[in-house]
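Hello,

Here is the structure I promised to pass on.

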Amino acid sequence: MEFNKLISEKLHPLFIENGFKLTEQSKHIVNYESGSLVVAMVHNPRENSNTLWIGRDGFQEVEIDNQVMKEFFNSDLKLCNLPQETFVNNVFLFFVGDGEGLIKGNESDVISLEKFSERRSSEYTESLINKQSLEAANKAWKEGNYTDVIRHLKKVDEESLPTSFKQKYKIAQKRLSN
């Protein structure tokens, strides 16, 4: 059965019951809106993947993946790497369970989800920057450029520096002070 028909059969009554309107539908995309809340479900036939997006109109929507399910909703329910039928069934279970506040229009639930997503994005970005700084410091170390070693390692939170880099930092400081 086509993705949009699965959603229509299993999820449409739930959305209508909670005041949502169908705003977009194609074979692989179904969007519902209620007030300022948007729920988008997408099937990518090339990757055979399904995605659930939730957000307020005008704000960046949050992808509800397995990590969000586990870390934010404290749920073992899976939404990634599933057949279409299982995905649609799990979306239904989500909205009648852990995601009920979202579908009921509880704005504080949506705002909490957005803040979680922003924090997760910031942590990911910080992790990438730290990794780049460590790689640059390591390259500078191999080249004997101790000024750059110190400069790059100062960009990384001292508490999160691996022991080997803490040692390189001390050695670089000693070599520059000689």
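**What turned up**

Asn81 is exposed, because its relative accessibility is 78% and the cut-off for exposed is over 50%. Please keep in mind that this is a predicted model.

Asn81 sits in the loop between α3 and α4 (84-96). Its backbone stands out too: phi of Asn81 is near 55 degrees, a positive value in a residue other than glycine.

Asn48 also has a positive phi, about 50 degrees, and is not a glycine. You will find Asn48 in the loop between β3 (37-44) and β4 (49-56). Asn48 has a relative accessible area of 51%, so it counts as exposed.

Pro45 belongs to the loop between β3 and β4 as well. Its relative accessibility is 49%, so Pro45 is classed as partly exposed. Which residue is 17 residues apart from Pro45 in sequence and 7.8 Å apart in space? That is His28, with the distance taken C-alpha to C-alpha.

Next, the surface charge. Glu71, Glu123, Glu126, Asp157, Glu158 and Glu159 form a negative surface patch. One of these patch members, Glu71, lies in helix α3, which covers residues 66-71. Is Glu71 exposed or only partly exposed? Glu71 is partly exposed, because its relative accessibility is 48%, and that class runs between 20% and 50%.

Best wishes

How values were computed. Residues numbered from 1 in each chain as written. Predicted model: local features only at pLDDT ≥ 70, side-chain atom pairs only at ≥ 80, totals over all residues. Heavy atoms only, no water. Patch = residues over 30% accessible without salt bridge, like charges linked within 9 Å, V, L, I, M, F, W, Y side chains within 5 Å. Areas by Shrake-Rupley, 256 points an atom, 1.4 Å probe, with all protein chains shown as cover. Salt bridge = Lys/Arg side-chain N within 4 Å of Asp/Glu carboxyl O. Lys, Arg positive; Asp, Glu negative; His and termini not counted. Charge placed at Lys NZ, Arg CZ, Asp CG, Glu CD. Helix = DSSP H or I, 4+ residues; strand = E, 2+ residues; numbered from the N terminus. Buried < 20%, exposed > 50% of the residue type's maximum accessible area, 1.4 Å probe, protein only.
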